[in-house]
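Come along and follow on the structure.

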Amino acid sequence: MPHTPFHQHHLDQQARFVDVAGWEMPASYHSPEAEHLQVRRSGGLFDLSHRGRIQITGRDAQRFLERILTRQVDDMKLNSSRSSLICSQHGGILDAATVYRCEDHWLLVVSAPALHSILAHLHQNIGTLSVTIDDRTLSTAMVGLQGPKVIDLISQFSSEV
């Protein structure tokens, strides 16, 4: 069972673990109720490293994403993100995704259970486009912040908020 790069920290904090799509992920540390109130009143940090992270590069990366996603991406600003769907050729939803426009690549974040089927779908739909698809899930980490006070905290060390 894969572990995130933060696994030892979770162990040290006495996390209670659950299986999330084959990953051993922390469900709670002490009291789920207290943790819920902490996030609602202030903020919380979440390990999202089990989510699939797929880097898309190449001359035709933007055209490829326009083919794969249900949302337009050609008008996205650098260092921005948006939600979209990835659909099959028959219109069925394969997964919800978040697409990020970075300086030298695009990043698709997909759900952990769908990662392998999405990778296969992407490879099947490259056609003649010049695109490289790189699964970065195991070589990177991902965290999420949530709560009413997190923007104030982040703004103390980042101008990106």
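**Entry 1: salt bridges**

I searched the whole structure and found four salt bridges, each being a side-chain nitrogen of Lys or Arg within 4 Å of a carboxyl oxygen of Asp or Glu. I note that this is a predicted model, where local features need pLDDT of at least 70, side-chain atom pairs count only at pLDDT 80 or more, and totals for chains, interfaces and linings use all residues. Residues are numbered from 1 along each chain as its sequence is written, and side-chain values use heavy atoms, with hydrogens and water left out.

I looked at Asp134 and Arg136, whose side chains form a salt bridge at 3.9 Å, N to O.

**Entry 2: Asp60**

Where does Asp60 lie? I found Asp60 in the loop between β4 (52-57) and α3 (61-68); helices (H or I, at least four residues) and strands (E, at least two) are DSSP runs, numbered from the N terminus. Asp60 pairs with Arg59 at 3.7 Å between the closest N and O atoms, and with Arg63 at 3.8 Å.

Is Asp60 buried or exposed? Asp60 counts as buried because its relative accessibility is 7%, and buried means under 20% relative accessible area, exposed over 50%, partly exposed in between (1.4 Å probe, protein chains only). Arg59 is exposed at 69%, and Arg63 is exposed at 56%.

**Entry 3: Leu108**

I listed the contacts (heavy atoms within 4.5 Å) of Leu108. Beyond four places in sequence, Leu108 touches residues including Ile54, Leu65, Val99 and Leu122.
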